[in-house]
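Hi,

Here is the structure I promised to pass on. Have a look at it first, and my notes on what turned up in it follow below.

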Amino acid sequence: MSSADINAKPPNATLSPYVGSAKSVPIEEAPKRAAENIDSQYWRYDVKRQRHGEAGGGGLCFKFVSSGSCQRGSRCSYRHDEEAVEHYQRNVCFDFLNKGKCERGPECKFVHSLSGETALRDARPPSERRRVESSCWFCLSSPDVESHLVISIGEGYYCTLAKGPLVPNHVLMIPVEHCPSTLMMPPEAEAELGRYKIALSKYFEKQGKTAVYFEWVSPRSHHANLQAVPVPLSKADAVNKIFHLAAKKLGFEFSMVNPDGAKTARESLMSQCESKSGLFYVELPEGRILLHMVDSNEKFPVQFGREVLAGLLSMADRADWRNCKISKEEEIKLVDDFKQGFREFDPAE
């Protein structure tokens, strides 16, 4: 860009009330770190441009905004904005920062304003929220996270080997954000999850298998995890039947969520489920979803999905993950083997 283009201000721009007027410096004479001297009003203008779909440099990098750093550095295709980090630390909604709006509306527990005087929607103080996240097994910033299990890290999701896996390639898709259900994640994260599913499908297909996804969402859930268990293609047609049989033994019936026109079954599920509802769902290999809304007084087995698939695979003794623990060295070997075969499909690469 020419010096004139770089120094040109956007239409309707006003002087920033926070900084004094700066002398225009030709680009040839500008210091190396000129980006740090950009007027803060330009960041607000970027948010406005994104709101109207005009942004050309990509959205904000969630990892950078939430933690202050991103391992991809200059290779990251998303923006690393220091001011956005400050707003996020004040509990401003990431979607609001990134797009200028939040589709969760009143259900969102974060602030939808850049004003420092706005009261926090979440009743817990920031220090308490940080304590919750620091003690969470699934938060990447937590000292308790077992990082050696991580296979791939995207912007909204990361893929990790399951602890005490049912089968060697049993993995979890986990939101990077501390979120109680994958059904509550924003559209960008949902799109990324779809890319991960396509990648996993290709990876499992080379092994003659297909993935069965399931998630148990409880009102007491803290950090979501969508489990992906590969099953032989020869058993794919039996998944629907065995889950219906297991449900009948527990005294309930699944409802079927089918693809609806332009919507996938998962998109239909997201549009009809309330964030505070307890539920269990299974994504069948053919694309349909089995759904059970769990009543507040219902005692639903926490490991129901795993127990059913253990029966399908004739592995009843592996129904409880605690009976399947392996050493850290064995876990690292499984992760390395998975990474080697998954690398060509990994959407985060």
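**What I found**

F254 sits in the loop between α8 and β6 (255-257). Helices here are DSSP runs of H or I with at least four residues, strands are runs of E with at least two, and both are numbered from the N terminus. Before going on: this is a predicted model, where local features need pLDDT of at least 70 and side-chain atom pairs count only at pLDDT 80 or more, while totals for chains, interfaces and linings use all residues. Residues are numbered from 1 along each chain as its sequence is written, and side-chain values use heavy atoms, with hydrogens and water left out.

Back to F254: its relative accessible area is 9%, so it is buried (under 20% relative accessible area; over 50% is exposed and in between is partly exposed, with a 1.4 Å probe and protein chains only). Setting aside residues up to four places away in sequence, F254 touches F243, H244, A247, F280, L290, L291, H292 and F304 (contact means heavy atoms within 4.5 Å). F254 and H244 are 10 residues apart along the chain, and their C-alpha atoms are separated by 6.8 Å.

Next, a helix pair. How do α8 and α10 pack? Helix α8 (residues 238-250) and helix α10 (residues 304-312) meet at an angle of about 125°, with their axes 10 Å apart. Axes are lines fitted to C-alpha atoms, for helices over the stretch in contact, and angles run from 0 to 180 degrees between N-to-C directions. That angle makes α8 oblique to α10 (under 35 degrees is roughly parallel, over 145 roughly antiparallel, 65 to 115 roughly perpendicular, and the rest oblique). On the α8 side the contact involves A238, V239, I242, F243, A246, A247 and L250, and on the α10 side F304, G305, V308, L309, G311 and L312.

Then there is T210, which belongs to strand β4 (residues 209-217). T210 counts as buried because its relative accessibility is 16%. Beyond its neighbours within four places in sequence, T210 is in contact with F204, V229, P230, V231, L233, A236 and P285.

Of its 349 residues, 44% count as buried. Among contacts with a separation of 6 or more, 57% come from residues 24 or more positions apart.

Cheers
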